[in-house]
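These are my notebook entries on one protein chain. I wrote down what I looked up, in the order I looked.

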Amino acid sequence: MKTIYDFGAYTGFAFVYDLFMDNIPYDMWCTYLKSLLEQYHIKSGIIAELGCGTGNITKRLSNYGYDMIGIDCSEDMLSIAREKMMEEYDMMEKPPILYLMQDMRELELYGTVAAFISVCDSMNYLLEEKDLLQVFQVVNNYLDPDGIFIFDLKTEAYFERLGENTFAENREMASFFWENNYHKETKINEYDLTVYISENLLEDVEEEKEESNLFLRFDEIHYQRAYSLEKIKELLEKAGMKFLAAYDAFSNHPPCADSERIYIVAQEQHQENKLYL
């Protein structure tokens, strides 16, 4: 089964990701993340974000005082994240965030970190159990003693509500059409995405140059998989991690049958062959 790494997802859509996601309450999401981190005694140190995208969460956690590493497999998304960082921190000698383009399944860091986070359903993009297990193992390897991993997941209830539908949104500088299909037997959700982007949004238009009326088309296919909480617990245990808690998103309540997004908290456990610095 192919994954996000094989389809080149978040190439064309990367350029308009922030435009169409301007309704996401990132400040509230980060306040919730910070509360979870502090609840599990992560009040400072290095935090690595898997699937950081354009850096909306990474940047906010950096502003809270954490030393951040942002990791993503999309060069275009990371390019935008770095641009936003430099616009905000252009007076600093050293950028406050380290952005790395890596496949999270084959992550390589210089040392361990206090915590990993992964939100915006990045874990759902791992379509095979063996890939999810591999990520859990890599995370466990790079966590400090008793370090914490916090990640979210879209649920099967969410994908079932999406069903077979078409969604569209039209903006002045860009439009998208999203054909959705949820395959219940495999728990795979397929997003067929067509994006039209104004050339003026992709290029720096000089003042004396007449603006273009052309729109460029990009086609992408995204796949995500629903995982049961029982399966997540099983894979965490196989990876040597300790499951601590699951929450209905943005609350301290356990998930229910109608939960559309859940947060999982897991903890590093001592490993015989791990070099603890």
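Entry 1, terms. I count two strands as paired if DSSP finds at least two bridges between them. Helices (H or I, at least four residues) and strands (E, at least two) are DSSP runs, numbered from the N terminus. The model is predicted, so I note its limits: local features need pLDDT of at least 70, side-chain atom pairs count only at pLDDT 80 or more, and totals for chains, interfaces and linings use all residues. Residues are numbered from 1 along each chain as its sequence is written, and side-chain values use heavy atoms, with hydrogens and water left out.

I looked up β6 (residues 165–170) and β7 (residues 174–183), which run antiparallel and are joined by 6 bridges. These two strands form a hairpin with 3 residues between them. In this pairing A168 stands opposite F177 of β7. I then followed β7 to its pairing with β8 (residues 188–198), which is antiparallel and has 10 bridges. Here F176 faces V195 of β8. The hairpin of β7 and β8 has 4 residues between the strands, and K187 in this hairpin takes a positive phi near 60°.

I found 9 helices and 11 strands. How much of the chain is buried? Buried residues (under 20% relative accessible area; exposed is over 50%, partly exposed in between; 1.4 Å probe, protein chains only) make up 50% of the 277 residues. The chain exposes about 14200 Å², an area from the Shrake-Rupley method with a 1.4 Å probe, where for residues only the protein chains shown count as cover. Carbon and sulfur atoms supply 48% of that area. I also looked at contacts (heavy atoms within 4.5 Å). Among those between residues at least 6 apart in sequence, 68% join residues at least 24 apart.

Rings of Phe, Tyr and Trp (its six-membered ring) pair if their centres lie within 6.5 Å; planes under 30 degrees apart count as stacked, over 60 as edge-to-face and the rest as tilted. By this rule I have 14 aromatic pairs. In one of them, Y26 and W29 are edge-to-face, 6.2 Å centre to centre with 75° between the planes. Where do Y26 and W29 lie along the helix? They are 3 residues apart in α3 (residues 26–39), so about one helical turn separates them. Y26 is buried, with a relative accessible area of 8%, and W29 is buried with 8%.

I next looked up Y32 and Y263, whose ring centres are 5.1 Å apart and whose planes meet at 85°, so I list the pair as edge-to-face. This pair links distant parts of the chain, with Y32 in α3 and Y263 in β11 (residues 261–267), 231 residues apart. Y32 is buried at 9% relative accessibility, and Y263 is buried at 0%. I noted one aromatic cluster formed by Y26, W29, Y32, F250 and Y263.

A charge sits over a ring if NZ of Lys or CZ of Arg is within 6 Å of the ring centre and within 35 degrees of the ring normal. The charged end of K34 sits over the ring of Y64, 5.2 Å from its centre. H41 is not a glycine, yet has a positive phi near 70°. H41 is in the loop between α3 and β1 (46–50) and is exposed, with a relative accessible area of 68%. D146, also not a glycine, has a positive phi of about 65°. D146 lies in β5 (residues 143–154).
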